[in-house]
Amino acid sequence: MKLTTEALETAILQKAETSPKAQLYIKDFYACDPETKPRELKNVANNLVKEGKLMFWSSGSTTMYALKSRIKDEEGVGGI
């Protein structure tokens with residue numbers, strides 16, 4: 001059964017907190033709910049960024065998601 005938006009948000013945040021990697025690709029969140037379509041999952045993740053619960057992190061060639069407290073940035077500036 002597909003998760004509700006609120007349950008999906010919780011699952012995404014939990015994955016971001018417990019993952020061994022600090023920065024995650026959107027595809028890393030697909031396992032949170034295999035029944036949710038990728039576009040819908042991306043919209044939920046982007047809403048978490050808008051709410052300030054997640055941040056974008058860029059390696060220069062790709063954009064990833066991370067918790068503000070876990071972002072690694074050599075210049076001391078978080079996110080993009």
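Phe 29 and Tyr 65 are both buried in this predicted model. The two residues form an aromatic pair, and a pair of this kind is characterised by two quantities: how far apart the ring centres are and what angle the ring planes make. For Phe 29 and Tyr 65 the centres are 6.0 Å apart and the planes stand at 70°, so the arrangement is edge-to-face. Phe 29 belongs to the loop between H1 and H2, whereas Tyr 65 belongs to strand E2, so their pairing ties together parts of the chain that lie 36 residues apart in sequence.

Tyr 65 also pairs with Phe 56. Here the ring centres are 5.3 Å apart and the planes meet at 50°, so this pair is classed as tilted. The surroundings of the two partners can be set side by side. Tyr 65 has a relative accessible area of 4% and is therefore buried, while Phe 56, at 27% relative accessibility, counts as partly exposed. The search of the whole structure finds 2 aromatic pairs, and through ring pairs Phe 29, Phe 56 and Tyr 65 are linked into a cluster.

The chain contains 2 helices and 2 strands, and its elements follow the pattern α-α-β-β when read along the sequence. Of its 80 residues, 38% count as buried. Among contacts between residues at least 6 apart in sequence, 52% join residues that are at least 24 apart.

Which residues touch the most other members of the largest nonpolar core? They are Ile 12, Phe 29, Leu 54 and Tyr 65, in a core of 17 residues. The elements that contribute two or more residues to this core are H1 and H2. Apart from neighbours within four places in sequence, Ile 12 is in contact with Phe 29, Cys 32, Leu 41, Val 44, Ala 45, Leu 48 and Leu 54. Another core lies apart from this one; it has 5 residues, among them Trp 57, Met 64, Ala 66 and Ile 71.

The strands come next. E1, residues 55–58, has a covered face made of Met 55 and Trp 57 and an uncovered face made of Phe 56 and Ser 58. Phe 56, the tilted partner of Tyr 65, is thus placed on the uncovered face. E1 pairs with E2, residues 63–66, in the antiparallel sense over 4 bridges. Within this pairing, Met 55 has Ala 66 of E2 as its bridge partner. The two strands form a hairpin with 4 residues between them, and in the turn Gly 60 has a positive phi of about 110°.

The loop between E1 and E2 also holds Ser 59. This residue has a relative accessible area of 43% and is therefore partly exposed. Its C-alpha atom is separated by 9.7 Å from that of Gln 23, although the two residues are 36 apart along the chain.

Attention now returns to the loop between helix H1 (5–18) and helix H2 (38–50), where Asp 28 is found. Is Asp 28 buried or exposed? Its relative accessible area is 17%, so Asp 28 is buried, the limit for that class being under 20%. A polar atom of the Asp 28 side chain lies 2.8 Å from the backbone nitrogen of Tyr 25. Leaving aside neighbours within four places in sequence, Asp 28 is in contact with Lys 15 and Lys 21.

The last stop is the segment before H1, which contains Leu 3. With 30% relative accessibility, Leu 3 counts as partly exposed. Beyond its neighbours within four places in sequence, Leu 3 is in contact with Leu 8, Ala 11, Cys 32 and Asp 33. Of these, Cys 32 is also in contact with Ile 12. Pro 34 is 31 residues from Leu 3 along the chain, and the C-alpha atoms of the two are separated by 9.4 Å.

How values were computed: Residues are numbered from 1 along each chain as its sequence is written. Side-chain values use heavy atoms; hydrogens and water are left out. Buried means under 20% relative accessible area, exposed over 50%, partly exposed in between (1.4 Å probe, protein chains only). A polar contact is a pair of N or O atoms within 3.5 Å; within protein, one must be able to donate a hydrogen and the other to accept it, and residues adjacent in sequence count only if both atoms are side-chain atoms. Contact means heavy atoms within 4.5 Å. Two strands pair if DSSP finds at least two bridges between them. A nonpolar core is a set of buried Ala, Val, Leu, Ile, Met, Phe, Trp, Tyr and Cys residues joined through side-chain atoms within 4.5 Å. Rings of Phe, Tyr and Trp (its six-membered ring) pair if their centres lie within 6.5 Å; planes under 30 degrees apart count as stacked, over 60 as edge-to-face and the rest as tilted.
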